[in-house]
Amino acid sequence: QEAERRRQEAEAFTTLVKDLGSLLDLDKVLARLVVRAKGLTQADLAFVALEGPDGQTLTLRAQTGTSSTALHGLTLEKAEGVVGRVLETGAPLVSTEPAEGDAVARAEGAVTRVVVPILHEGTPFGILLVGRRTYLPFTASDVDILTRLADAAGLACHHTLLYERATSRAAALARLWQVGQALSRSLALRD
């Protein structure tokens, strides 16, 4: 039975990595990530929060299994609670303690949870959290799966952000070209 579980995990992980690599929309990447993380670890809920523009907060970007979709866009302080410890150390953290300093997990009734950093070039810029509403501890295998998912997500996030920047720059260049063309036509009319 353990061998079958590992085969299913490997298959799901491979599929997810292919999916993440083919998507260029960050919200879709993150939505698939939380669904797979929840399913692979048999968790009740999962969410991803990424660093905000101010560098001091994290913003919830994707969630599944949560009781309220109103959590999307919620801002968390980077230096507080379990999330702060994970971002500071860059290492996963398994917790069965009350969700002190972790407002989302507390609001969702998560009794046990794993928080894994999402890294780019060794620097944490987000977290993946999975939780269970019952006292069923996560295993080392669960932490390993989540760490591999977070690593794949870090790369996928970086690629999608690069794509979004390139697309934005291309659109700006196209607008500049149009302005240049309009100016050129107006100058030609004066001659």
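**Reading strands, helix, core and charges**

Tutor: Leu58 has Leu76 in β3 as its bridge partner. Strands here are DSSP runs of E with at least two residues, helices are runs of H or I with at least four residues, and both are numbered from the N terminus. The model is predicted: local features need pLDDT of at least 70, side-chain atom pairs count only at pLDDT 80 or more, and totals for chains, interfaces and linings use all residues. Residues are numbered from 1 along each chain as its sequence is written, and side-chain values use heavy atoms, with hydrogens and water left out.

Student: In which sense do β2 and β3 pair?

Tutor: Two strands pair if DSSP finds at least two bridges between them. β2 and β3 are antiparallel, over three bridges. β1 and β2 also pair in the antiparallel sense, over six bridges, and Val48 stands opposite Ala62 in β2. The hairpin of β1 and β2 has five residues between the strands, and Gly55 takes a positive phi near 75 degrees there.

Student: How many residues of β2 are buried?

Tutor: Buried means under 20% relative accessible area, exposed means over 50%, and partly exposed lies in between (1.4 Å probe, protein chains only). Six of the eight residues of β2 are buried, so that the strand is mostly covered.

Student: How should I read the span of helix α2?

Tutor: The expected span is 1.5 Å times one less than the number of residues. Helix α2 (residues 26-41) has 16 residues and reaches 23 Å from its first C-alpha to its last, close to the expected 22 Å. Just after α2, Gln42 takes a positive phi of about 55 degrees.

Student: Which residues of α2 are buried?

Tutor: An α-helix has 3.6 residues a turn, so residues three or four places apart point the same way. In α2 the buried residues are Leu26, Val29, Leu30, Leu33, Val34, Ala37, Leu40 and Thr41. Because they cover an arc of only 145 degrees around the axis, they lie on the same side of α2; the arc is that of the directions from the helix axis to the C-beta atoms.

Student: Which residues have the most contacts inside the largest nonpolar core?

Tutor: In soluble globular proteins, nonpolar side chains tend to be buried together. A nonpolar core is a set of buried Ala, Val, Leu, Ile, Met, Phe, Trp, Tyr and Cys residues joined through side-chain atoms within 4.5 Å. The largest has 26 residues, and those with the most contacts inside it are Leu30, Val48, Leu50, Leu128, Val130, Leu146 and Leu149. α5 gives the most to this core, with seven residues. Leu30 touches Val48, Leu50, Arg61, Ala62 and Cys157, not counting residues up to four places away in sequence; contact means heavy atoms within 4.5 Å.

Student: How many salt bridges does a search of the whole structure find?

Tutor: Side chains of opposite charge can pair when their charged atoms come close. A salt bridge is a side-chain nitrogen of Lys or Arg within 4 Å of a carboxyl oxygen of Asp or Glu. The search finds five. One of them joins Asp27 and Arg61 (3.1 Å, N to O); Asp27 is in helix α2 and Arg61 in strand β2 (residues 57-64), 34 residues apart. Asp27 is partly exposed at 39% relative accessible area, and Arg61 is partly exposed at 27%.

Student: Is Glu108 buried or exposed?

Tutor: Glu108 is buried, with a relative accessible area of 5%. Glu108 forms a salt bridge with Arg133, the closest N and O atoms being 2.8 Å apart. Arg133 is partly exposed, at 33%.
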